[in-house]
Structures are given as C-alpha cells and as structure tokens.
Amino acid sequence: MSQPLLAHAPESAPFTCHEALDQLNDGINGLRLGIAGGTYQCRNAVIPPAACQALTQRLCARILHVGASRFSLRLLRDKKDLHPAAFLDCRTGDGLIDHVSVKDGVVSSVLNRGGTLVFDHSQEHFTELQIIQENLEARLGCRCWIQCYVTKSQDTAFGMHGDDHPFVIVQLAGTKRWLHGDPSGPGTTTDRAEVLYEPGDIAFYPRGEQHNVHGTGTLSVHLTVAFDGFGGRLFNDLPHSEKLAALTPRLGTSLPFSILANSVEPDTAIRLAYSCLPPFSGRGDGVVVLE
C-alpha cells in the first residue's frame with residue numbers, strides 16, 4: 001500500500017498534529033450541533049493545507065501499521081465488504097502478537113476500481129484523534145466516534161442513504177463530491193443538491209440527512225466525526241446510576257472519561273485521573289469536593 005497508494009498522498013509540511021487538531025476543534029465548535037434536529041452547515045478552509053497534510057500522513061502511516069487493530073479496517077467494492085484475507089496478511093507470532101500488513105497492491109487496485117477503504121473507530125488507534133472526541137463529548141455531553149474514509153475513483157461505496165446519527169465531516173486530502181437527497185423528501189434539510197469538499201472544509205449533517213458520496217478520481221481522505229446521545233438524552237441529563245453505566249474508558253488520554261473533560265478549567269495546573277465517577281460538588285469558591 002505504501003508504494004501505489006501513499007505515493008500519491010501529499011507530503012507533510014512542518015506542522016504538528018496538535019496544532020492541526022486545535023484549529024479543527026475551533027472550527028467544529030463554531031458549528032451549531034445537536035443530537036436531534038438541526039440543519040446542514042458547511043465551512044470552508046477551516047484548517048490550512050499544512051494541517052491537512054500532517055493529519056493525512058499520520059492517518060495513512062497508522063493504516064500501514066495496523067497491527068491488532070486490523071478488525072477496524074474495511075475494504076468495500078460494489079457496496080460489499082471484501083473478506084479481510086483478501087487485502088491483509090495476518091500472522092500471530094510468539095506471545096500471541098499480531099503481525100499484520102496491508103496488501104498495498106490489492107488495496108490500490110480496489111480503490112482504482114471504485115472501492116473504499118474504511119478505518120472504523122479510528123480514534124481508538126490514532127490517539128491524536130481523541131482530542132476531537134474529547135472536545136465534542138465534553139461540549140455536548142454525547143458519545144463520539146470517528147471514521148476515516150479513503151477513496152480514489154469517481155464511484156460511490158454506499159449509495160444514497162441517511163445515517164441514524166448526526167455527524168461532522170472533515171475533508172483532509174483530495175476532493176470529494178457529496179450528492180444530497182431531494183430537499184422535499186423525508187429526512188432532508190438542505191437545498192444544496194451537490195457539494196464539492198476540498199481539504200480543510202468541514203460540514204455538519206443532521207440525523208437522517210440523505211447523502212451519496214463520490215470520489216473525484218484522485219486520492220481522497222476524509223473523517224466522519226459521528227456522535228449521539230444516550231437513549232436520546234445527553235449525559236448531564238442522566239441520573240447518576242445511568243451516568244456510571246454510560247461512561248466508556250478512553251485509551252491513551254490523561255482523563256479516562258472524556259465525557260467530563262469540561263469540568264477541567266484551561267488554567268488547571270494538574271489533572272486528576274480516576275477510574276470511576278465519584279459524587280462531586282462545587283463550593284462556589286473554585287474548589288471542587290470529591291466524595
């Protein structure tokens with residue numbers, strides 16, 4: 001995969017991933033988001049080309065070194081998943097260590113013929129993306145997961161459809177053509193029949209918004225930042241017992257539960273990591289009491 005596919009990826013200019021992700025979070029925070037309802041919104045050039053290049057290179061490198069996260073990789077052609085054995089070489093070595101490599105020739109051939117490579121829940125394996133996840137979960141009180149899509153041809157992998165959750169798309173490399181459903185039909189809220197996204201563009205799609213995604217003939221990489229509530233409610237609306245059940249540990253972050261990241265002030269000198277959600281209250285003088 002590194003030769004035929006990544007040879008076409010943009011070379012990264014000097015730009016740190018954290019700088020790029022901070023700018024991306026600022027752009028997402030400027031959108032009017034919600035787990036129910038809302039309207040389609042688009043913002044162009046939210047992050048600069050150097051930031052897009054830095055993130056794209058890191059994502060592609062992570063796909064090449066997929067390791068035990070091989071079950072998160074999907075390769076689709078004609079709206080069907082290929083068996084992992086068709087595009088992955090897998091071997092379990094001593095100590096039950098997974099040795100996995102991507103068959104780059106197979107992947108490149110499938111992408112050239114209209115296929116799509118999907119990296120599901122990529123935030124669990126590309127830890128920098130957890131900066132986006134934590135920001136959105138803390139801001140809305142929702143749960144969030146991030147997918148990465150790689151395409152090359154002008155075909156579509158999924159056809160016209162609507163998702164059962166809202167999401168934000170982030171175009172990182174190349175361009176992607178999104179067709180939108182009939183605005184008079186059910187589940188659609190936009191009158192833009194077609195939008196071409198370029199690197200740095202972001203857009204919000206409400207739950208059920210009809211869309212059909214096409215490549216444009218060049219290597220294209222975009223993220224889908226999906227989010228949803230807990231049974232139709234936000235985290236802060238849940239009773240304490242349901243909050244405990246809803247919390248999900250995060251890998252590689254300073255706080256195990258990103259859902260409470262908004263309780264940490266920007267000027268906090270230290271951060272307390274804990275493995276459960278203890279009862280806590282504020283005294284009104286800047287002191288938080290943990291019970």
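Which residue is the bridge partner of Ala173 in S13? The legends below take up this pair and other details of the predicted model.

**Figure 1. Overview of the predicted chain.** The chain holds five helices and 15 strands. Buried residues account for 47% of its 291 residues. Of the contacts with a separation of 6 or more, 73% join residues 24 or more positions apart. The mean pLDDT is 79. A value of 70 or more is reached by 77% of the residues.

**Figure 2. An open sheet of eight strands.** The strand order is S1-S11-S8-S13-S7-S6-S2-S3. Pairing is antiparallel. S1 and S3 form the edges, each pairing on one side only.

**Figure 3. The pairing of S8 with S13.** Strand S8 covers residues 167–173. Six bridges join S8 to S13, and the two run antiparallel. Val221 in S13 is the bridge partner of Ala173.

**Figure 4. Strand S11 between S8 and S1.** Strand S11 spans residues 202–205. Four bridges tie S8 to S11 in an antiparallel arrangement. Phe167 stands opposite Tyr205 of S11. S1 and S11 also pair in the antiparallel sense, over three bridges. Here Gln41 has Phe204 of S11 as its bridge partner. Both faces of S11 are covered. Ile202 and Phe204 are buried on one side. Ala203 and Tyr205 are buried on the other.

**Figure 5. Strand S10 beside S9.** In a regular strand, side chains alternate between the two faces of the sheet. Four bridges join S9 to S10, which run antiparallel. Leu196 in S10 is the bridge partner of Arg177.

**Figure 6. Leu117 in strand S6.** Strand S6 covers residues 116–119. Leu117 counts as buried because its relative accessibility is 2%, under the 20% cut-off. The C-alpha atoms of Leu117 and Tyr149 are 5.8 Å apart. Along the chain, 32 residues separate the two.

**Figure 7. The lining of the second largest pocket.** This pocket holds about 340 Å³ of space. Its lining comprises 23 residues. Tyr149, Phe158, His161, His211 and Thr224 lie nearest the centre. Strands S7 (143–151), S9 (176–180), S12 (211–214) and S13 (220–228) are the elements that each give two or more residues to the lining of the second largest pocket. S7 gives the most, with four residues. By type, the lining residues are eight nonpolar, ten polar and five charged.

**Figure 8. Helix H4, residues 130–140.** H4 is largely enclosed by the rest of the structure, because nine of its eleven residues are buried. Gln130, Ile132, Gln133, Glu134 and Asn135 are among the buried residues. Leu136, Glu137, Ala138 and Leu140 are buried too. Just after H4, Gly141 takes a positive phi of about 75°.

**Figure 9. Positive phi at Ala45 and Lys79.** Most residues other than glycine have a negative phi. Ala45 has a phi near 50°, a positive value. The residue sits in the loop between strand S1 (41–43) and helix H2 (49–64). Ala45 counts as exposed because its relative accessibility is 57%, over the 50% cut-off. Lys79 has a phi near 65°, also positive. The loop that holds Lys79 lies between strand S2 (73–77) and strand S3 (80–81). Lys79 is exposed, with a relative accessible area of 54%.

**Figure 10. Residues 251–257, where pLDDT stays under 50.** For this stretch, the model has 25 contacts beyond four places in sequence. Where pLDDT is low, the predicted coordinates should not be read in detail.

Key
Residues numbered from 1 in each chain as written. Predicted model: local features only at pLDDT ≥ 70, side-chain atom pairs only at ≥ 80, totals over all residues. Heavy atoms only, no water. 1 Å grid on protein atoms, 1.4 Å probe; cavity = no way out; pocket = protein on both sides within 12 Å on 5 of 7 lines; lining within 4 Å. Points joined across faces, edges and corners; volume = space filled by probe spheres on them. Nonpolar A, V, L, I, M, F, W, Y, C, P; charged D, E, K, R; others polar. pLDDT = per-residue confidence, 0-100. Contact = heavy atoms within 4.5 Å. Buried < 20%, exposed > 50% of the residue type's maximum accessible area, 1.4 Å probe, protein only. Pairing = 2+ DSSP bridges.
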